[in-house]
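The sequence and structure are shown first.

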Amino acid sequence: MNLHKGLVSALWRFPSELLSHIFVHCLPETEHLLPASKLAPMLLTGICRRWREVAVGMSRLWCGVIVDVDDEDWQQAVFCYDSWLKRSRDRPLSLALRCFENDATNLRSLLQPYMNQISSLHIVFVDPLTPEILLNDLPALQELTISTSYHMWCPTIAQSISRLPSTLRSLKVVGPSGFDFNRLSSFDPVWAHLTHVEIAVRQPNLIIQLLQLGPNLSSLEIGIGFGDEVPLKLEPFAHANLQSLCISNAYPLRMADMFPDMFNALTLPNLRVLEARYIRPWPHEELKAFLARSSCPLERLVFGTGVAVTDEQRAEYVVLIPSLEVVVDYMRGDYFGHRRIAHQYGIGRSRHV
């Protein structure tokens, strides 16, 4: 008992600055926090009055949160989320929203006082009626992720994306829907400002068209294979800024023959990381020609699930680039990150289970 009292007394005497450092390390290792009483930062506010004062006064503890509002306790939810967001003061906010059928209007009302602070926004759409109202008036937005399990892509969302500010640098669209060129083009003029994109397209030739739309892209993760297999005629194209490219093929038996033409057309002189999944047969000779033509400073070549390469082929890549790290990792098989995102944010699950 005396030891316990001594520890409590010592913690009580800690300077606020030291407590602040400790509190930061108490946060869960995730960008978006659950507003739960048994998790930091909410847990820290219930220990004692002094800890509550320190925690509530630390705006950096309250900058990221998952917002999932149930209509049955809307007023209580508004109070709780508003209290949380007020504690962020003027810091940039990183929010994850789970939006069901009629949630968009209520979520917009809740977030309205904080729209100028939102720099990162992840929205999980579960059959929403008016999703576009969550994408309007976001002057500080830098990162946007849209997740859905539905195959239909709402045209009003594309229109809203096209109106997003020039501050936007990262766009991720996660779900089973693939985009054709018309849908990709409908995002203009946003493409010109983007540096990182994760998206699914219908055919391999759209990789080149997407790179043409986004001259400043440095990182691209792309899923392929939601469209019909048609003959492609690809014109040579070079992209000077792309440093990281990850390609996942959803239908290896249908689309594999198109990848040799894609590698033959592309030149990426600044590429540093290339990752491939579900591409078979692997276009070995075409990749060697691509690497030689690009003369790029490639550092890592990663083969995930569904790509079969021999030891001899891997050795040939190292001959071309002696410093190259060739990685074979068949655990990297989660197509386009969809299963991970679905599990984390509950895509496809009903609200009441």
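## Strand β6 and its partners

In this predicted model, strand β5 (residues 170-174) pairs with β6 in the parallel sense, over 3 bridges. Within this pairing, Lys172 stands opposite Glu198 of β6. Strand β7 (residues 219-224) also runs parallel to β6, and 6 bridges join the two. Here His196 stands opposite Ser219 in β7.

Buried here denotes a relative accessible area under 20%.

## The β-α-β unit

β6, helix α8 (residues 205-213) and β7 form a β-α-β unit, and this unit is right-handed. Helix α8 lies across β6, β7 and β9 (244-249). Its direction runs at about 150° to that of β7.

## The sheet

The strands described above belong to an open sheet of 11 strands with parallel pairing, in the order β1-β2-β3-β4-β5-β6-β7-β9-β11-β12-β13. At its edges stand β1 (64-67) and β13 (325-328); each has a single partner strand, so one side of each is left without a neighbour in the sheet. From one strand to the next, the twist averages 10°.

Another pairing in this sheet joins strand β11 (residues 273-277) to strand β12 (residues 300-303), in the parallel sense and over 4 bridges. The bridge partner of Glu275 in β12 is Val302. Helix α4 (residues 74-86) packs on the sheet, where it touches β1 and β2 (93-99). The direction of α4 makes about 165° with that of β1.

## Helix α6 and its cover

Which residues of helix α6 (residues 155-162) are buried? They are Ile157, Ala158, Ser160, Ile161 and Ser162. The cover over these buried residues includes β3, β4 (143-148) and β5.

An α-helix has 3.6 residues a turn, so residues three or four places apart point the same way.

## A buried loop residue

Met115 is found in the loop between α5 (103-111) and β3 (118-125).

Leaving aside residues up to four places away in sequence, Met115 touches Arg108, Asn136, Asp137, Leu138 and Pro139. Met115 and Leu93 are separated by 22 residues in sequence, and their C-alpha atoms are 9.0 Å apart in space.

## The chain as a whole

The protein chain contains 13 helices and 13 strands. Of its 353 residues, 50% are buried. The chain exposes about 17,100 Å², and carbon and sulfur atoms supply 54% of that area.

What share of the contacts with a separation of 6 or more comes from residues 24 or more positions apart? Such residues account for 72% of these contacts in the protein chain.

Terms used: Residues are numbered from 1 along each chain as its sequence is written. This is a predicted model: local features need pLDDT of at least 70, side-chain atom pairs count only at pLDDT 80 or more; totals for chains, interfaces and linings use all residues. Side-chain values use heavy atoms; hydrogens and water are left out. Contact means heavy atoms within 4.5 Å. Buried means under 20% relative accessible area, exposed over 50%, partly exposed in between (1.4 Å probe, protein chains only). Accessible areas come from the Shrake-Rupley method with a 1.4 Å probe; for residues, only the protein chains shown count as cover. Two strands pair if DSSP finds at least two bridges between them. A crossover is right-handed if, with the strands pointing away from the viewer, the path from the first strand over the helix to the second runs clockwise. Axes are lines fitted to C-alpha atoms, for helices over the stretch in contact, and angles run from 0 to 180 degrees between N-to-C directions.
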